[in-house]
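Please consult the sequence and the structure while reading.

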Amino acid sequence: MASTDIAESTSTPGTPGTTTDDLAALEAGLDTIEIRRTPIRETFLKKVLPPFLAITLVLAVWQTLVSTDTTDETKLPAPSAVWDSLTQLWLQGTLFEIIWTSVSRGLLGFLLALAIGTPLGLLVARVKAVRAALGPILSGLQSLPSVAWVPPAVLWFGLNDTMMFTVILLGAVPSIANGLVSGVDQVPPLFLRAGRTLGATGIKGVWHIVMPAALPGYLAGLKQGWAFSWRSLMAAEIIASSPDLGLGLGQLLENGRNNIDLPGVFLAILLILIVGIAIDLLIFSPLERHVLHSRGLVVRN
Amino acid sequence: MATNFAKAARGINAAGLAAGLEHVSKSFVSPAGQQLVLDDISLDVAPGEFVTILGASGCGKSTLLNLVAGLDQPTTGSINTPGGRPALMFQEHALFPWLTAGKNIELALRLRGVPKSERHTEAKRLLELVRLGGAHGKRVHELSGGMRQRVAMARALAQDSDLLLMDEPFAAVDAITRDVLHGELTRIWEETNLSVLFVTHNVREAVRLAQRVVLLSSRPGRIAKEWTVDIPQPRRIEDSAVAELSLEITEHLRREIRRHGQH
């Protein structure tokens with residue numbers, strides 16, 4: 001059909017079919033030459049070996065400090081003592097319960113922060129008056145340590161989960177909202193123009209163009225939001241302990257202090273660190289990598 | 001012929017115009033005061049006509065295209081596009097990197113109101129029209145520069161507009177790819193009977209593609225001269241007839257630019 005149209009519309013007799021075929025062949029050649037295939041390379045060693053070495057180094061320095069008696073054992077417990085604390089918790093069967101108490105709280109709080117921070121960020125990014133009113137407050141809140149919210153939250157709600165979630169929200173909502181705002185601000189104007197010519201205006205424009213285009217910034221905000229959720233939760237758990245709240249990682253740390261159990265304190269700190277990193281590595285990093293890779297924003301290797 | 005009837009049924013207005021610009025002027029307010037960018041431009045594009053607007057950098061040709069696209073409003077004068085919102089292609093492909101090539105086109109179809117069940121087939125058809133039938137699931141960054149512009153062309157065609165506006169769409173690709181894209185554009189233009197308003201600073205490109213070349217002077221942009229190109233298609237950019245006319249137009253373009261140095 002295509003070739004008949006051309007034959008009809010070309011004013012020169014001759015061989016239009018051949019020209020079209022020529023063009024097609026030339027194009028096929030160019031396409032094959034120019035497609036860049038990302039080489040699938042095994043980056044396992046490059047990604048896993050360096051952090052593994054770094055951890056080994058830290059442990060080695062730690063052990064050296066202990067065995068050379070550079071510091072007092074009441075100031076720095078031996079790695080083996082911390083390991084013993086861990087096995088003890090494991091044998092008591094409470095290790096995972098403690099971790100889960102904090103993680104479930106942290107994730108639920110984070111999801112709440114997500115549900116509030118996203119529409120808030122979108123409003124601040126898109127509505128000028130809202131940005132003028134709330135923008136500075138949101139940035140300011142981000143630099144306020146969320147531990148500051150623990151005393152008022154305890155006075156408002158008492159020692160319960162509501163108080164914990166309040167502290168998490170006040171810590172995480174600003175960073176999620178701010179992440180989305182900077183994501184929206186960095187959307188190339190070209191995409192907005194292209195969207196408008198395609199008819200994506202108003203809500204359609206936000207849904208089809210602005211949100212997906214802002215996704216990398218938004219994800220960075222979520223990552224930071226999780227870090228803030230986790231930190232806020234730990235602050236709340238350390239300060240406010242009550243039997244009603246159950247035993248989380250923060251309380252574990254605080255209990256260690258009360259019992260002058262330095263290995264226990266170190267163990268709690270390490271667990272808090274590991275959980276924070278694990279959630280980031282298991283959820284946010286793969287998500288971010290997927291988004292960036294699919295857009296060609298990260299060069300492999 | 002069939003396409004012509006379809007276009008007529010879709011309601012090209014009585015005057016038979018794809019785009020009509022009447023005494024269009026545009027000025028921007030800058031710190032230095034009011035700056036006139038376009039001065040009294042009157043231009044008609046007939047249905048199925050291929051017009052290139054040629055001018056040196058800063059002559060306001062992109063501004064003119066934005067006005068026709070409805071992305072900006074003229075200061076005075078009126079712009080009429082009876083066929084509805086024109087499709088627009090940019091110098092950058094402007095494809096959305098979070099979607100595959102096919103989904104970019106399907107988004108355009110969706111925004112036009114094409115039912116979900118038809119979008120995939122229609123996207124495939126449009127990709128085949130630009131000879132990228134196999135690229136439906138490809139990510140934008142996996143495509144070469146020329147392929148991206150062809151997907152962008154397919155996406156513009158997905159708008160099913162009577163008028164396609166092109167803002168130096170081939171300025172950023174290499175010469176051989178540009179040559180191929182010229183061939184594709186001519187072929188698609190002939191197959192679809194689209195009206196095209198094509199902006200460029202490349203004289204040979206203008207002559208290679210257009211039925212009519214409109215030369216714009218710079219600061220402010222005014223229509224300096226017009227040429228009708230009656231070299232039969234398919235042309236080649238190396239054709240002697242193309243070269244000859246290009247030489248003549250280049251002389252005028254130079255004269256326009258020299259005038260600026262004198263005051």
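## Contacts, core and strands

A:Val167 touches A:Ser146, A:Trp149, A:Val150, A:Ala153, A:Ser232, A:Ala235 and A:Ala236, leaving aside residues up to four places away in sequence; two residues are in contact if their C-beta atoms, placed from the backbone, lie within 7 Å. The model is predicted: local features need pLDDT of at least 70 and side-chain atom pairs count only at pLDDT 80 or more, while totals for chains, interfaces and linings use all residues. Residues are numbered from 1 along each chain as its sequence is written, and chains are lettered from A and ligands numbered from 1 in the order in which they are written.

A:Val167, B:Leu165 and B:Leu197 are the residues with the most contacts inside the largest nonpolar core, which has 134 residues. Such a core is a set of buried Ala, Val, Leu, Ile, Met, Phe, Trp, Tyr and Cys residues joined through C-beta atoms within 7 Å; a residue is buried if 20 or more other C-beta atoms lie within 10 Å of its own. Helix α10 (residues 202–239) of chain A contributes the most to this core, with 16 residues. Both domain 1 (24–86 + 163–263) and domain 2 (95–160) of chain B supply residues to the core, so it lies between them. The domain bounds come from an automatic or database domain assignment.

The C-alpha centres of these two domains of chain B lie 26 Å apart. Where they meet, 10 residues of domain 1 of chain B are in contact with seven residues of domain 2 of chain B. Helix α6 (residues 175–192) of chain B provides the largest share of the domain 1 side, five residues.

In strand β7 (residues 195–200) of chain B, six of its six residues are buried. Helices (H or I, at least four residues) and strands (E, at least two) are DSSP runs, numbered from the N terminus. In a regular strand the side chains alternate between the two faces of the sheet. In β7(B), B:Ser195, B:Leu197 and B:Val199 point one way, and B:Val196, B:Phe198 and B:Thr200 the other way.

Two strands pair if DSSP finds at least two bridges between them.

| Strand of chain B | Bridges to β7(B) | Direction |
|---|---|---|
| β3 (residues 50–54) | Five bridges | Parallel |
| β6 (residues 163–167) | Five bridges | Parallel |

B:Val199 in β7(B) has B:Ile53 opposite it, and B:Asp167 also stands opposite B:Val199.

Technical notes. A residue is buried if 20 or more other C-beta atoms lie within 10 Å of its own, exposed if 12 or fewer, and partly exposed in between; C-beta atoms are placed from the backbone.
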